[in-house]
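Thank you all for coming; please have a look at the sequence and the model on the screen, and I will then walk you through it.

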Amino acid sequence: MITNEKKKLAQWAMEFALKNGCQASRIIIYGGTNSSFEIRDMKIDRLTQASESGMTIQCFVDGRYASFSTNRLEKEELEKFIADGIASTRYLAEDKARTLPDPSLYYRGGGADLQLLDQRFDSIRPDDKIALAMQVCDEIMGKDSRILSSTSSYSDQVSSRYMIASNGFEGETANSSYSLLGGVSIKEEGSEARPESYWYDSSIFYDTLIKKGIGTKALERTIRKLGQKKTTSGKYRMVVDNMNSSRLLSPVINALYGSSIQQNNSFMLNKLSQKVASHKLSLTDEPHTPQSPGARYFDSEGIATRRLPVFEEGVLRTYYIDVYNANKLDTAPTIGSPSILTMPLGDKDVDGLVSIVEKGILVTGLNGGNCNSSTGDFSYGVEGFLIENGKPAQPVSEMNITGNMLTLWSNLAEAGKDTRRSSSWKIPSLLFDDVDFSGL
Amino acid sequence: MKYNRRDFVKTGGAVMLGSLAAPSFLDGVVNAANDKATGVAFAMNHFRVSEGDLKKVLAAALEKGGDYADLFFEHSYQNSVALQDGAVNRASSYIDFGMGVRVLSGDQTGYAYVESITPEEMIKAARTAARIADAGQVKTPVNLTESRVVNNYYSVKTPWDSISIQKKTPCLQTINDRIFALDSRVMKVNASLGDTTSHIFFCNSDGVMYYDYRPMATLGAVCIMQENGKIENSYAARAYRMGAEFITDDIVETIAREAVDKTSILFRAVKPKGGEMPVVMGAGGSGILLHEAIGHAFEADFNRKNISIFSDLLNKKVCDEHINVVDDGTIPFNRGSVNIDDDGVEGQKTYIVKDGILASYLHDRISAKHYGIRSTGNGRRESFRMMPIPRMRATYMEAGNVTEEDIISNVKNGIYAANFTNGQVQIGAGDFTFFVKDGYLIENGKLTQPIKDINIIGNGPKALADITMVGNNYQMDNGTWTCGKDGQSCPVTCGMPSALVSKLTVGGES
């Protein structure tokens with residue numbers, strides 16, 4: 001948590017900025033500690049531990065705006081830092097769209113505890129952290145003669161932020177996270193290839209972190225890759241597992257940002273209230289879900305978050321518009337970015353989705369690729385499995401999927417039920433029709 | 001718009017950040033940038049540490065029996081100014097200050113860092129890092145001796161902290177105005193200028209001490225155009241390890257024209273039919289092929305752990321005997337150059353493929369010790385918050401002896417890849433990808449229809465062996481290439497002559 005001393009420093013910085021030329025200002029002071037222990041072949045490979053802190057000062061000076069950050073928090077240095085920052089800001093062009101939010105939009109407190117901070121954080125002993133990582137590695141090491149490398153890691157961090165704005169906002173957040181990961185590399189017989197894979201869990205609370213089976217699952221995921229090869233190019237039904245489905249949603253969400261809309265650099269431009277995707281795509285922002293990564297009562301500008309339908313049966317219901325872009329677009333701000341994205345869940349996990357596909361490809365990994373933000377045209381490298389008669393068959397790799405985001409999401413056929421709790425985007429495994437795969 | 005040193009120095013206004021965190025620093029910066037002999041003394045004064053402090057911290061780092069320790073001090077300041085909607089209306093700055101302690105015990109690493117550089121905090125960090133070791137014998141640090149920078153690959157004429165923000169903004173306005181003037185279809189321009197200055201001070205338990213002054217400059221523009229209701233965007237940028245002399249009329253004009261050309265072609269471009277086909281890599285940015293297909297897999301941490309697809313191929317033939325591939329930290333002003341790496345090893349030019357033979361991996365201190373050889377100077381880190389690991393610098397293929405026209409004329413049906421945005425590789429499987437922003441179809445030996453937005457995927461050893469022609473038109477791409485690995489970002493570059501890869505899998509429609 002941010003100490004009272006640090007909060008007073010932020011308040012002092014605000015007063016100093018306002019006395020020295022800022023008409024408005026926002027101050028954020030942040031800090032955190034982290035540790036990690038990496039194991040390789042049952043030996044500690046790396047250990048790291050540190051604490052850090054810093055301050056960001058956002059200056060609104062004579063209709064101009066700039067932002068300055070530093071981890072040098074002595075008052076004497078901050079005075080010169082802020083004064084010179086204000087002087088620099090005056091040389092920028094005037095930009096009337098740069099304002100703090102209307103105070104009526106601010107979060108004013110009163111919400112129930114979102115339970116994002118583990119009070120046990122400081123009590124977990126380093127030896128216990130190492131033992132957990134060792135246990136994951138032990139689940140891998142020596143379990144298959146083809147294993148080249150068994151790795152695991154434990155990492156944790158706690159971070160906190162305190163934000164104040166000169167027109168009356170004050171807010172604070174604190175989050176903890178723990179993660180446990182296993183990684184495996186194996187030698188493919190008759191080849192130089194060394195397939196690798198991993199598995200992990202992460203949690204806000206130490207007690208709910210999954211501690212067993214991580215290494216075993218990582219080994220299973222690696223062994224099943226043996227014998228990967230390309231298959232024939234063509235249109236296939238595509239199942240994307242829950243480790244990769246969010247990445248296909250990411251360009252769609254990016255296209256909803258106010259900055260993309262205002263710059264005319266979005267394939268979602270002028271699509272509000274239109275049906276742009278399959279009726280199977282409903283997406284809601286649920287920011288107040290307790291004990292979930294991404295939960296928050298206010299965004300990076302202090303604006304109160306609320307439940308927000310994003311897509312309803314394929315119809316686009318909102319953009320993510322911050323104050324700056326709202327002013328430029330002459331509209332009201334919504335919220336700057338997504339918090340927790342949820343979809344109505346189906347009744348099948350990834351195996352269930354595969355079971356209803358006679359011929360298709362199950363994608364379990366994306367390898368590079370990109371999406372054109374203006375047009376939605378995308379192309380990504382993929383690996384996974386050919387699906388034959390409802391079952392994963394030949395492992396495939398070195399293939400691409402190519403298409404357009406609007407077409408892809410219009411071809412969404414079914415959503416699964418297997419979201420990952422460790423992600424703030426609760427996107428399950430998904431089934432798409434008619435996806436172009438390039439291979440042989 | 002002409003700039004010269006006198007204009008830059010005569011600022012008389014706000015200089016953004018840099019001199020702000022340490023009022024006594026500015027004079028020292030200028031001296032240090034131009035006179036490396038005073039580097040260590042300057043750095044010790046700046047970071048407020050004495051030789052006695054350093055020895056005490058090194059001793060604490062080794063008190064559990066570690067066999068090596070180093071201390072990495074950094075003071076970096078980054079500035080950015082940006083133009084949007086026709087006006088330079090946004091600026092940001094960031095100061096990062098701190099030091100990291102690394103302890104090695106065999107190939108194991110302990111690491112801790114602090115943002116407050118006091119003897120007490122440093123010793124606390126050293127004792128945290130020391131826990132990696134559990135040996136009986138304690139190594140005593142030797143006397144510290146300055147290792148001077150012999151070759152400075154990025155000497156600075158005009159330090160960024162000597163010029164004011166109002167001297168930075170005109171180039172952005174000019175880029176904006178030129179882009180709009182060059183094509184009536186332009187709707188929006190975003191342009192930005194970034195500069196970073198890093199003061200690096202390093203010492204280790206072998207007795208080596210050095211100071212390095214690292215500048216970085218980037219200038220880029222995004223162009224958004226509309227034609228018949230269709231919108232496209234593309235990007236042009238340049239990055240060098242230079243001071244403010246980086247900003248010239250030429251670079252501004254080059255970026256403006258390139259941004260327009262790269263956006264304009266997209267309106268005529270289509271997605272090709274996907275599948276396996278020959279790919280001609282155009283000169284310059286095609287070096288991304290080397291970076292992804294072999295560069296990462298040649299990084300020696302992956303090879304000493306035996307998890308790279310190239311782990312068993314050192315000193316073996318991996319491609320045509322006329323092919324030479326280099327990873328170079330010594331190119332003047334190159335974004336990937338290093339005077340001394342973050343392991344304390346001088347910058348070098350390293351042949352990784354020589355006459356078709358895999359000649360060297362890319363080593364840091366740990367892997368060099370593992371293989372019993374001298375480090376190639378590839379130990380790099382993002383900041384004092386990270387430990388050094390093997391990273392590329394400027395990776396390129398040397399020129400061959402045929403023309404690009406000859407290469408294209410040898411392809412009946414394939415594609416020509418011209419510009420790229422990003423890539424990725426799976427180190428063990430060897431599958432690599434790169435995203436082609438624009439290029440052309442090759443039909444009957446000639447460039448025909450423009451293409452765009454496709455991913456190309458291949459396998460490292462196969463793709464290297466499938467390079468059948470190398471052009472005489474070597475070109476370095478000095479864009480804003482940034483490489484990610486183990487959660488660390490690192491500035492790099494890549495280059496290549498035009499080359500023919502006989503078979504890669506091209507994304508596209510079926």
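What we have here is a predicted model, in which local features need pLDDT of at least 70 and side-chain atom pairs count only at pLDDT 80 or more, while totals for chains, interfaces and linings use all residues. Residues are numbered from 1 along each chain as its sequence is written, and chains are lettered from A and ligands numbered from 1 in the order in which they are written.

Let us begin with strand E1 of chain B, residues 68-84, where strands are DSSP runs of at least two residues, numbered from the N terminus.

E1(B) is joined to E2(B) in the antiparallel sense by 17 bridges, pairing being defined as at least two DSSP bridges between two strands. These strands form a hairpin with 2 residues between them, and B:Asp85 in the turn has a positive phi of about 55°. E1(B) also pairs with strand E5 of chain B, residues 186-204, antiparallel over 15 bridges, and there B:Tyr77 has B:Thr197 as its bridge partner.

Turning to the other chain, strand E2 of chain A, residues 43-61, runs parallel to strand E3 of chain B, residues 108-114, with 5 bridges joining them, and A:Thr48 is partnered by B:Tyr111.

Key
Helix = DSSP H or I, 4+ residues; strand = E, 2+ residues; numbered from the N terminus. Buried ≥ 20, exposed ≤ 12 C-beta atoms within 10 Å, placed from the backbone.
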